[in-house]
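Please read the following report alongside the sequence and the model.

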Amino acid sequence: MPSVMRPGRDIAIVAFGQTDHRRSSDELSEVEMLMPVLHQVLDATGLKTSDIGFTCSGSSDYLAGRAFSFTMALDGVGAWPPISESHVEMDGAWALYEAWTKLLTGEADTALVYAYGKSSPGSVRDVLTRQLDPYYVAPLWPDSVALAALQAQALIDAGDTDEPALAGVASRSRRDASANSHAQLRGSVPQGEYVVRPLRTGDCPPVSDGAAAVILAAGDRARELCERPAWIRGIDHRIEAHSLGVRDLTDSPSSRLAAERAGAFERPVDTAELHAPFTAQEVVLRKALKLGDDVTVNPSGGALAANPVMAAGLIRLGEAAARIHRGASDRALAHATSGPCLQQNLVAVLEGDAR
Amino acid sequence: MNKEPVAVVGIGQTKHVAARRDVSIAGLVREAAQRALADAELTWADIDAVVIGKAPDFFEGVMMPELYLADALGAVGKPMLRVHTAGSVGGSTALVATNLVAGRVHGTVLTLAFEKQSESNAMWGLSLPIPFQQPLLAGAGGFFAPHVRAYMRRTGAPDTVGSLVAYKDRRNALKNPYAHLHEQGITLEKVQASPMLWDPIRYSETCPSSDGACAMILTDRAGAARSPKPPAWMHGGAMRSEPTLFAGKDFVSPQAGKDCAADVYRQAGISDPRREIDAVEMYVPFSWYEPMWLENLGFADEGEGWKLTEAGVTELDGDLPVNMSGGVLSTNPIGASGMIRFAEAALQVRGQAGEHQIDGARRALGHAYGGGAQFFSMWLVGAEPPTT
């Protein structure tokens with residue numbers, strides 16, 4: 001049993017910004033898409049680039065279709081005079097994790113974290129096959145929907161869900177997204193035809209372009225910058241084996257382990273923002289994270305309403321934090337995932353000060 | 001708040017070569033990791049987290065390879081982070097792993113960087129057409145050659161300095177069993193007679209394309225106390241970035257490099273790097289970058305770096321040895337090259353560098369850079385634990 005990891009320093013998300021996520025953004029470069037979001041979080045805190053102690057981003061060269069794609073985004077940040085900066089080739093949630101560890105060392109008191117992804121220029125289903133074992137699996141091009149369908153069928157076979165229940169997840173998500181002006185699919189969306197059985201269009205995420213940014217701050221600095229900071233009480237991430245054949249696709253032990261170490265099970269949460277691009281994955285995560293029916297799950301609409309790859313996980317952390325900022329939540333769980341069928345998972349527990 | 005001291009207790013490298021056709025990517029990284037574990041006399045079960053780095057995914061054609069490599073690196077059930085900061089990535093990866101220990105998130109961390117360049121074509125990987133941007137199809141040598149020219153013009157350095165560096169590094173590599181290029185019978189004349197690629201950079205003054213991996217085990221004070229071999233202690237580490245292209249950029253001596261070094265020296269309490277640092281592993285992919293970085297890192301005044309090289313100060317028996325291992329000029333698995341610099345610096349202060357060991361090396365600097373000379377990462381390691 002992993003013990004709960006108690007951070008040696010109070011660190012909070014103090015600002016969150018995101019784009020309006022869209023099916024296509026042909027007229028915008030990644031930098032042009034990102035810039036307004038960076039300004040949004042800087043304006044919200046009154047900070048300038050030169051005030052930020054550490055900057056970290058998450059993105060993927062494979063989405064951008066070129067090597068070193070993050071360097072252009074850095075130019076947009078305005079890294080002059082030179083800044084202390086790093087990048088993970090992962091979802092921005094992991095960039096936030098790296099920034100959090102940097103703040104824990106005491107070497108910085110504030111951090112800017114951003115992530116972006118444009119899925120529209122290519123076929124994201126095909127692109128994601130390049131994540132798979134390059135010798136034995138990737139040459140077969142099994143796409144992300146097909147792999148998610150395997151997971152959904154395994155759940156149905158295990159009696160954990162059925163197709164009407166999955167449709168319920170889809171319609172609840174998009175109904176909730178009606179209140180989220182940034183979401184791409186909002187309100188009533190038809191469940192549609194099968195894409196890969198048992199998944200229908202409605203069970204799958206939209207193809208999205210988008211960006212997001214957050215600002216982290218430690219201790220009193222967080223209190224200065226935000227009326228009600230979203231304190232990171234714990235954050236952890238775990239990875240599972242890559243091969244689907246050696247995993248129980250109806251469960252997510254890595255999510256459970258991460259949640260345990262983040263302290264998620266010590267007291268109930270009122271909100272959970274889950275990074276579940278496919279309806280069946282919400283079923284898996286609800287079970288692994290022991291979320292009861294009294295927990296508000298994905299009030300933003302989640303990844304089923306907007307799924308800008310590489311930013312969607314960071315957006316879950318941001319959405320959970322924003323709910324704490326505005327007093328709609330006191331203790332929230334935020335989750336991000338990476339890899340096929342929930343291979344890698346990150347869990348954070350965020351809390352607002354008592355009111 | 002005070003940080004947990006961080007120690008390097010295990011180091012492992014593969015024998016770097018042009019093509020490791022006998023192993024998969026997973027096989028390559030596992031080999032380096034197992035050697036680091038063996039060096040530390042630890043097992044996979046002792047590792048709390050894995051931090052992996054490499055340069056662009058297009059170099060092997062695998063998107064986010066940490067997913068596929070989780071099993072090979074014993075990471076199943078553990079946290080695994082993937083860093084990518086262009087050519088500086090090997091150094092930054094080690095620093096991200098360092099922060100996990102320094103911030104008391106984990107006790108013992110495996111960090112690893114690799115490149116298996118033979119799986120694909122690096123020139124292709126760097127030359128994909130990009131909408132919205134001017135194409136830059138010159139390759140790295142074509143990008144950096146004008147900056148070398150600018151250095152020569154600015155400092156009046158004679159055009160023989162580059163070949164001295166190459167001759168030294170290739171000779172040093174003969175003493176390093178893991179180095180890629182082992183050019184028996186290398187002479188200064190051979191270097192100077194090699195074909196001109198990007199004037200003034202000759203063929204023998206450029207780095208090779210290598211397959212290789214480098215791994216380190218980082219641990220906290222308690223872990224270091226259990227270490228069977230002397231640990232290397234981290235005394236300072238920093239990263240700095242600046243934009244690729246802008247009117248005020250000094251490509252000869254980028255401000256980000258100066259700031260990064262200054263931060264490391266401040267943390268380590270170093271006021272005179274030339275006297276207080278015993279050995280340097282710096283990222284020199286083209287020979288002329290040795291004199292350039294000697295100035296950028298504060299080992300020589302502006303315009304004076306080439307004089308140290310010319311006087312033999314940076315030779316293995318000089319009083320500021322640089323690239324004892326043979327450096328990037330002899331071994332360049334791009335994503336791993338920065339970590340190899342960091343690891344070789346640690347080997348020196350542990351007294352474990354074998355034939356290329358500098359006697360009595362107590363403090364050593366590891367340096368990496370990348371992108372358009374815009375990303376920098378460095379660490380300074382010592383034989384003694386830090387006092388603050």
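The report below takes the interface, then a pocket, then the cavities.

## Basis of the values

This is a predicted model, in which local features need pLDDT of at least 70 and side-chain atom pairs count only at pLDDT 80 or more, while totals for chains, interfaces and linings use all residues. Residues are numbered from 1 along each chain as its sequence is written, chains are lettered from A and ligands numbered from 1 in the order in which they are written, and side-chain values use heavy atoms, with hydrogens and water left out.

## Interface of chains A and B

In this model 62 residues of chain A are in contact with 57 residues of chain B, contact meaning heavy atoms within 4.5 Å. The area buried between the two chains is about 5,100 Å², with 65% given by carbon and sulfur atoms; buried area is the accessible area (1.4 Å probe) that two parts lose on being put together, summed over both. On the chain A side, Tyr62(A), Tyr135(A) and Ile239(A) lose the most area to chain B, together 13% of what that side buries.

The rule finds one salt bridge across this interface, a salt bridge being a side-chain nitrogen of Lys or Arg within 4 Å of a carboxyl oxygen of Asp or Glu. Lys3(B) forms a salt bridge with Glu107(A), and their closest N and O atoms are 2.5 Å apart.

## The second largest pocket

The second largest pocket has a volume of about 800 Å³, and among its 43 lining residues Leu128(A), Ser144(A), Pro205(A), Phe278(A) and Asn307(A) lie nearest its centre. On a 1 Å grid over the protein atoms alone, a pocket is an open set of points with protein on both sides within 12 Å along at least five of seven lines, a cavity is a set of points where a 1.4 Å probe fits but cannot get out, and lining residues have an atom within 4 Å of a point. Grid points are joined across faces, edges and corners, and a volume is the space filled by probe spheres set on the points.

## Cavities

A search of the whole structure finds five cavities of 30 Å³ or more. The largest cavity, of about 80 Å³, is lined by residues of both chains, including Phe54(A), Lys102(A), Glu107(A), Leu95(B) and Met234(B).
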